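Welcome! Take a moment to look over the protein below, and then we will walk through it together.

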Amino acid sequence: MTTASYIITFIIYLIVAAIMIGIGISQLRSTLPVGFYSGEKPPKADELTDVQAWNKKHGMMWLIYGIVIILSYFVGYVIGDSILCIIPYCGGLLVPIIIMIWYHHRLIRRYKR
């Protein structure tokens, strides 16, 4: 890859990570129950045992995802031009989503009445 392609890739990853971090911050600050952004509607406040904890854990999940996206770029960058750089580039975007879905269902079991 050329220097320009690394810069363009970094900018794209940075924009995507900023969006995820923005979602996390908005969920952390929300007083109303937040959703997971998977097409399902967020639960009503009376359906949850602790709205603040629900929002905090969902917000932190999105913040961590944004950080993982940035870290996956740097790991791929360190690997360099090898085909192996695809593993952190794609893995840093896809694997956390699977973990987030699992964690969201765990939070539903924990906080939903």
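Which residues make a nonpolar surface patch of about 560 Å²? They are Val75, Ile79, Ile83, Leu84, Ile86 and Ile87. Keep in mind as you read that this is a predicted model.

**The overall picture**
- The protein chain has three helices and zero strands.
- Along the principal axes, the C-alpha atoms of the protein chain fill a box of roughly 55 × 20 × 20 Å.
- The protein chain has 113 residues, and 35% of them count as buried.

**How two of the helices meet**
- Helix H1 covers residues 3-29 and helix H2 covers residues 51-79.
- These two helices pack with their axes 7 Å apart, at an angle of about 170°.
- Angles over 145 degrees count as roughly antiparallel, so H1 is roughly antiparallel to H2.
- In the contact of H1 with H2, you will find 21 nonpolar residues, eight polar ones and one charged one.

- Two elements, H2 and helix H3 (86-111), each give two or more residues to the nonpolar patch.
- One of the patch residues is Ile79, and this residue is found in helix H2.
- Is Ile79 buried, partly exposed or exposed? Its relative accessibility is 35%. Buried would mean under 20% and exposed over 50%, so Ile79 counts as partly exposed.

Note on methods
Residues are numbered from 1 along each chain as its sequence is written. This is a predicted model: local features need pLDDT of at least 70, side-chain atom pairs count only at pLDDT 80 or more; totals for chains, interfaces and linings use all residues. Side-chain values use heavy atoms; hydrogens and water are left out. Axes are lines fitted to C-alpha atoms, for helices over the stretch in contact, and angles run from 0 to 180 degrees between N-to-C directions. Helices (H or I, at least four residues) and strands (E, at least two) are DSSP runs, numbered from the N terminus. Angles under 35 degrees count as roughly parallel, over 145 as roughly antiparallel, 65 to 115 as roughly perpendicular and the rest as oblique. Ala, Val, Leu, Ile, Met, Phe, Trp, Tyr, Cys and Pro count as nonpolar, Asp, Glu, Lys and Arg as charged, and the others, Gly among them, as polar. Patches are made of residues with over 30% relative accessible area and no salt bridge: like charges are joined within 9 Å, nonpolar side chains (Val, Leu, Ile, Met, Phe, Trp, Tyr) within 5 Å. Accessible areas come from the Shrake-Rupley method with a 1.4 Å probe; for residues, only the protein chains shown count as cover. A salt bridge is a side-chain nitrogen of Lys or Arg within 4 Å of a carboxyl oxygen of Asp or Glu. Buried means under 20% relative accessible area, exposed over 50%, partly exposed in between (1.4 Å probe, protein chains only).
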